[in-house]
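I opened this entry to keep track of what I looked up. My notes follow in the order I made them.

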Amino acid sequence: MQVHIDPDVCQGHTLCALAAPQIFLLREDDGHAYVTSPDVPRGQEDVVRRAVATCPEGAISITE
Ligand code: SF4
């Protein structure tokens with residue numbers, strides 16, 4: 001699985017980082033989310049799907 005955040009859509013609500021803090025980090029300057037690698041580690045797929053569902057902007061997408 002790979003995960004992607006659209007930086008033009010993310011509004012920095014931080015919900016993804018709460019749902020999956022191992023995957024989503026927040027920029028110090030604007031609070032927007034980023035991932036250090038698009039590759040989701042094994043065992044983290046469900047929390048990433050949860051983060052996708054919680055993002056109010058629909059900024060997170062995944063490819064299986
Ligand atoms: S929940 Fe969505 S809008 Fe909020 S920081 Fe994460 S990706 Fe951005």
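How do the residues of the shell around the ligand divide into nonpolar, polar and charged? I found 8 nonpolar, 5 polar and 1 charged. Here Ala, Val, Leu, Ile, Met, Phe, Trp, Tyr, Cys and Pro count as nonpolar, Asp, Glu, Lys and Arg as charged, and the others, Gly among them, as polar.

**Ground rules.** I noted that this is a predicted model, where local features need pLDDT of at least 70, side-chain atom pairs count only at pLDDT 80 or more, and totals for chains, interfaces and linings use all residues. Residues are numbered from 1 along each chain as its sequence is written.

**Ligand.** I looked up the shell itself. The ligand is surrounded by 14 residues. The closest are Cys10, His13, Cys16, Ala33 and Cys55. A residue is near a molecule if its C-beta atom, placed from the backbone, lies within 6 Å of it.

**Overall fold.** I then read the chain from end to end. The protein chain has 2 helices and 4 strands. These are DSSP runs, numbered from the N terminus: helices are H or I with at least four residues, strands are E with at least two. Their order along the sequence is β-α-β-β-α-β.

Along the principal axes, the C-alpha atoms fill a box of roughly 30 × 20 × 15 Å.

**Strand β1.** Strand β1 covers residues 2–5. Val3 and Ile5 are on its covered face, Gln2 and His4 on the uncovered one. In a regular strand the side chains alternate between the two faces of the sheet. β1 runs antiparallel to strand β4 (residues 60–63), and 4 bridges join them. Strands pair if DSSP finds at least two bridges between them.

Is Val3 buried or exposed? Val3 counts as buried because it has 23 C-beta neighbours inside 10 Å. The cut-offs are 20 or more other C-beta atoms within 10 Å for buried, 12 or fewer for exposed, and partly exposed in between, with C-beta atoms placed from the backbone. Leaving out residues up to four places away in sequence, Val3 touches Ile23, Val35, Pro38, Val40, Val48, Ile60 and Ile62. A contact means C-beta atoms, placed from the backbone, within 7 Å.

His4 is exposed, because it has 12 other C-beta atoms within 10 Å. With the sequence limit of four places applied, His4 touches Pro38 and Ser61. Ser61 is also the bridge partner of His4 in β4.

**Core.** The largest nonpolar core has 14 residues. Such a core is a set of buried Ala, Val, Leu, Ile, Met, Phe, Trp, Tyr and Cys residues joined through C-beta atoms within 7 Å. Cys16, Phe24 and Ile60 are among those with the most contacts inside this core. β1 and α2 (45–54) each supply at least two of its residues. Beyond four places in sequence, Cys16 touches Phe24, Ala33, Ala51, Thr54, Cys55 and Ile60.

Last, I looked at Thr14, in the loop between β1 and α1 (15–19). Thr14 is not a glycine, yet its phi is positive, about 75 degrees. Most residues other than glycine have a negative phi. Thr14 counts as partly exposed, because it has 13 C-beta neighbours inside 10 Å.

Key:
Contact = placed C-beta atoms within 7 Å.
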